[in-house]
Amino acid sequence: MANQPTTWLSKLGKLLVPTSDAQSNPTATVTNTRILHELAASFEDSIRRESVGSSLLFNAHFLIILHPDTYEERQNAFPVIVNEAVNAFRASIDAQQSSYERVVPVASSWFFKFGGGREFGGEPVSPTDVFVVGALTGILPGNAQSQTPDRLNVTRRVRQTNRYEKVDVDLNMFQHIDFREPGAFVVHFGFDTPASPARPAVGSGTRMAPSQPQKPGDVLAEISYYLAELNKEGSCRMRDREIVIARKEPDNQHFPNYLLLESAYVSNPHARIRYHDASDSFQIASFSRNETRVNEQLIARSEPASPQWHPLPDTAQVLLNNMVTLHFQRTV
């Protein structure tokens, strides 16, 4: 009899908080690793679906749709997730390349865009959901309508089967997603291209002898660029010891040492790159109120009249406002 109160309280507690339900339905939280695994699974599936004959083909554009609360919680980790995803993509290509004669992507860069939404394709997006939509190219909210009038053929996970399948989606499905520009990332890739001559890495313990003074017309560096919102790429040769990166506008087109980019995401001016004789190295200064990153590291902003110079490695990726990607390669 002495144990009856305890037994009664125990039964009442189980009615209020069923033990079995709490154990059988754990919360599937969205971690950085889970987002990475979803991207990797989508990419590997695209290799199987898109490759044909002796050509290895894969999706290059990805939309990652999260609940707005999850987006806010995870957004600081997006650059790291993208970097790890690209590493996983390259590992998948290396593992399967022996089965094909060539790698033939139809895009020039991997494009990632994260967005927050509460509904997608008629399905609610909960804080525990991760939707990954992949396509060969062309998933660029804002200009997709000009590429495909009404529908887009993509790969996405079908919830009922829990597998990635090729489906047609109505572009109106993206209208309720908040695609913020800081959630966009572009990573340039190149396959079947000759390797550039190796140069000692900074901090490797090996230092090249200072270069000789350059003659007029010498090419100091090659700079290629990719404009995500236009899906457009180009390149230029740096012949002057300093080059200004700016938005293409009538008032600056007469300057010979300007790299002018037709992008609303580029400031005017946005940055300067210079060759520094004393250290035999290149440096960069950013003037934009939007982000400028060198090899994924954010660099501080300064005023054009008083530039704050940062080291620019001989081979570097420069990301302007998370939408324009520059690839810098020293040639001397």
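Me: How much space lies in the largest cavity?

Reply: In this predicted model, the largest cavity holds about 80 Å³ of space. A search of the whole structure, with a threshold of 30 Å³ or more, finds 1 cavity.

Me: What makes a residue part of the lining of the largest cavity, and which residues are these?

Reply: A lining residue must have an atom within 4 Å of a cavity point. The residues that line the largest cavity are Pro79, Val82, Phe185, Val186, Val187, Arg293, Glu296, Gln317 and Leu319. Helix H5 (78-96), strand S10 (178-188) and strand S20 (315-320) each contribute at least two residues to this lining. The greatest contribution is that of S10, with 3 residues.

Me: How is the lining of the largest cavity divided by class?

Reply: The lining comprises 6 nonpolar, 1 polar and 2 charged residues.

Me: What makes the pair of Phe62 and Phe112 a link between distant parts of the chain?

Reply: Phe62 belongs to strand S2 (residues 61-66) and Phe112 to strand S4 (residues 109-116), and the two are 50 residues apart. Both Phe62 and Phe112 are buried. They also belong to one aromatic cluster, together with Phe43, Phe58, Phe89 and Trp110.

Me: Why does His310 count as buried?

Reply: The term requires under 20% relative accessible area. His310 has 15% relative accessibility, so His310 counts as buried. This residue is found in strand S19 (residues 310-312).

Me: How do you know which strands are the edges of the open sheet of 6 strands?

Reply: The sheet has the order S12-S11-S21-S20-S17-S18, with antiparallel pairing. Strand S12 (232-238) and strand S18 (297-298) each pair on one side only, and these are the edge strands.

Me: How do you know that S11 pairs with S12 and with S21?

Reply: Pairing requires at least two bridges between strands. Strand S11 (residues 221-227) and S12 are joined by 7 bridges in the antiparallel sense, with Tyr225 having Gly234 in S12 as its bridge partner. S11 and S21 are likewise antiparallel, over 7 bridges, and Ile223 has Phe328 in S21 as its bridge partner.

Me: How are S20 and S21 connected, and over how many bridges do they pair?

Reply: S20 and S21 pair in the antiparallel sense over 6 bridges, and Gln317 stands opposite His327 in S21. The two strands form a hairpin with 3 residues between them, and Asn321 in the turn has a positive phi of about 55°.

Me: Why is strand S21 described as covered on both faces?

Reply: In a regular strand the side chains alternate between the two faces of the sheet. On one side of S21, Val324, Leu326, Phe328 and Arg330 are buried, and on the other Thr325, His327 and Gln329 are buried. In total, 7 of the 7 residues in strand S21 (residues 324-330) are buried.

Terms used. Residues numbered from 1 in each chain as written. Predicted model: local features only at pLDDT ≥ 70, side-chain atom pairs only at ≥ 80, totals over all residues. Heavy atoms only, no water. Helix = DSSP H or I, 4+ residues; strand = E, 2+ residues; numbered from the N terminus. Buried < 20%, exposed > 50% of the residue type's maximum accessible area, 1.4 Å probe, protein only. Phe/Tyr/Trp six-rings, centres within 6.5 Å; stacked < 30°, edge-to-face > 60°. 1 Å grid on protein atoms, 1.4 Å probe; cavity = no way out; pocket = protein on both sides within 12 Å on 5 of 7 lines; lining within 4 Å. Points joined across faces, edges and corners; volume = space filled by probe spheres on them. Nonpolar A, V, L, I, M, F, W, Y, C, P; charged D, E, K, R; others polar.
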